[in-house]
Amino acid sequence: MLQNLKETKMSETHSLSRRRFLSATSSLTALAAADMMLPGVVGRAFAAEAPKEILTGSHWGAFYAKVDNGRFTSLRPWEKDFHPNQALDGVQDVVYSSSRIRYPMVRRAYLENGIKADRDSRGDGDFVRVSWDKALDLVAGELKRLEEQEGPWAVYAGSYGWRSSGEIGSPQIMLTRLMNLNGGAVYSSSNYSKAALEGIMPYVVGSIDAAGPQTTYQSVLENTKTIVFWGTDPFKTNQIGFALPDHEEYKWFEDMKKAGIKAIFINPVNLEASKYLGAEWLAIRPHSDVALAIAICHVLLTEKLYDAEFIANCTFGFEKFSDYLLGKGWDKVEKTPEWAAALTEIPADVIRRLAHQFVENRTMLVSGWSCQRQHHGEQWPWAFVTLASMIGQVGLPGGGFCQNYHLYSLGSPASPAPALAPGMSGGTRKANKPWPKEKGAQSIPVARIVDMLEKPGKTYEHNGETKIYPDVKLTYWVGGNPFHHHQDRNRMRKAWRKFETVIVQDFQWTASARFADIVLPATTTTERDDIEMVGANSKRAYVAMKKVVEPVFESKTDYAIFTAIAERLGLGQEFTEGKSELDMVRDVYAAAKKTADAKKSVTLPAFEEFWDKGIIEFETPAKNLRWVKYADFREDPIENMLPTGTGKIELYSKPIEKMGYDDCPPHASWLEPLEWLGQKDKAYPLHMNSNHPLHRMHSQLNGTRVRKIYEVADREPCMINTKDAEARGIKNGDVVRVFNGRGQCLAGAVVSDDIRPSVIQLQEGAWYDPADIKDPNTLCKHGDVNVLTPDIGSSRLAQATSAHTCLVDVEKYTGPLPKVTVFDAPANA
């Protein structure tokens, strides 16, 4: 698919054909096979048996795993994958990777001194191998002690994460269930991906909006004349999925190109998707997207181009917003194209042309989530929906807006198959003791963990409420990697000392595991049984994710680990209800079959037949090919009211007005961020774009040989404009130091004109590799972008991450080049 795309080391997508994919994976697999021949790698002997293939899946797609003498030796993608992912081979490599956690480990200082152990030495790699019984006794003992002596407010149950694929193997649900049975814990709300959007959209359209089905690809192909990709990179982010992705979005791009749909990309980087469509590239200045959208609204208003009928029938509060556009609002500044041009560096005549272009043709506005991961990030999705409302094509075939064409291929039409549900419930808290208000909130915004550690007992504001940060003493982390996804790493490292006990359950030695006290080795996806769908929205198939190989070394499934802890707490039967993991797989399938039988939507065979066959595929009805989001609402906004206070799209929100937040006004507004290129007195001259990685999913697969595809000088690639590089004496392939007042890291330079001047790009997800854990501003040798990003809330409304609000500088690194060591297991592990 998409074989004419240019492939470079820092390309914005990969365009491998099936033949080239198989060629790439076979070469990597040869290296894997050589590794597995080393003595003691797996630590088990297997009886000779004939090679076999097992169909299973992952976040990168469905695939056939080849097993030879009990070892997972290679894989090939499912033949109906529209665009096989080049990183898929890492799913095999991770099983035997040098970064694999092989045994239960305890930090030496903690093993000797317990909660009185020195916390400054976390991260130094001094671990001791212990038995499973010893490790589990330590975990259960601390959970029991804190519940009895302190209370549930003393335990923080980690946060969400992308964990392994499958409906059964969700360790976060298992952890929640265990904690609730034991008396409870402090949990987290929302996510790092789109918390600002999730905070504001319920007030605007009554739902998150960027979840679930979107206007189908076929509707766009048949009706759209202009499509605008604003702050989104669908080639990159559609490679992955919680359900098994089939990558249908790539087929959509092929069809869009054939159809000749006019495409515009608004982005500081000229993406490969933009080049593929021959799109117009508007190299906007970062952080000014709201200003551009608002200025287009000003043109629509003053030139009477907006859809007055749609505004009157389907929106609320337009008069307040129009006053703001005309300079009659709270800031007394008219939002003209000239005003926006100074902020965005998009010429005023181009802004006026866009306004006319959007209303003269059927236009689909497509937004990603990057523009809302910044200071005042709530304003972007609100401005985006406001602009679409004024254009007036919401609910029309191929028109309106979409805030999620960049993930899960949500424009795919849906089959009638029931969606699969998780196999376990987190349950509700068993109230062994009351939870007094003064002990703090039972849940905090996920991006505010460091604030919680720094300010126990202090108040904070969130979504109209004032709450108290709890005083946590222990954290248990599964299925996630906080030393990847949280911002301002040096501040986080200091705050991390607040925990008396840190438990990490994972299958690789991530930085989070290295900064733990107790480390429990979990299995990978291919070492357990599960079940999952192909396509989060399309539901093209159910896949029996059969165990490919037995757990290697001393790893155990998450379910086995939590069951053992529950038994030590006297909660074993309540936790498992007497069920095995395969029993839960049966239950998930049985629930889907019951729904299908009741609705007579599809015919599902008995579980045994499904499990034996390995896959059930479903046809998509023709009637589902042209579904349009918000069509019913547009047709009859009274009969099909939105779940907002007024039943309409709220361009002005009275509930937000009542909150009185100066950092989140009651309508979409331009607010200057904490730091950005438009500041007159900038501390640092370059904006840093911390984009999603191309060849992995966040930090997953970084510990595999897949990184050899993209690394530069064994570091994360850092894209820099040709002029900025020349001014600093930087050449392609040089090692550079990226720095600001928060931290510093090394990276490998990729010099290009595909990024606008004054902007660099360093993808998130690189494993943190500090040169000296005793140094509060130590250099990250590998390229963890979050040593540079600020840890501030987007506003008091959502308290979301502001990772994209970041200024830095770059210089050529001339000192002795330190070796990257984060991918090697600690000495005793």
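1. A quick word on terms: strands (E, at least two residues) and helices (H or I, at least four) are DSSP runs, numbered from the N terminus, and two strands pair if DSSP finds at least two bridges between them.

2. Before going on, keep in mind that this is a predicted model, where local features need pLDDT of at least 70 and side-chain atom pairs count only at pLDDT 80 or more, while totals for chains, interfaces and linings use all residues. Residues are numbered from 1 along each chain as its sequence is written, and side-chain values use heavy atoms, with hydrogens and water left out.

3. Back to strand 1: 7 bridges join it to strand 2 (residues 61–68), and the two run antiparallel.

4. Another open sheet of 3 strands has the order 20-21-22, with antiparallel pairing. Its edge strands are strand 20 (530–534) and strand 22 (615–617). Neighbouring strands here are turned by 15 degrees against each other on average, direction ignored. (Angles run from 0 to 180 degrees between N-to-C directions, with axes fitted to C-alpha atoms, for helices over the stretch in contact.) Strand 20 is joined to strand 21 (residues 541–545) by 5 bridges, and V534 has A541 as its bridge partner in strand 21.

5. Now find helix 23 (residues 581–599), which lies across strands 20, 21 and 22 and runs at about 40 degrees to strand 20.

6. Leaving aside neighbours within four places in sequence, Q357 is in contact (heavy atoms within 4.5 Å) with T226, K262, I264 and T363.

7. Finally, the largest nonpolar core has 148 residues, and I296, W496 and V738 have the most contacts inside it. Such a core is a set of buried Ala, Val, Leu, Ile, Met, Phe, Trp, Tyr and Cys residues joined through side-chain atoms within 4.5 Å. Helix 11 (residues 289–302) gives the most to this core, with 11 residues.

Definitions and conventions
Buried < 20%, exposed > 50% of the residue type's maximum accessible area, 1.4 Å probe, protein only.
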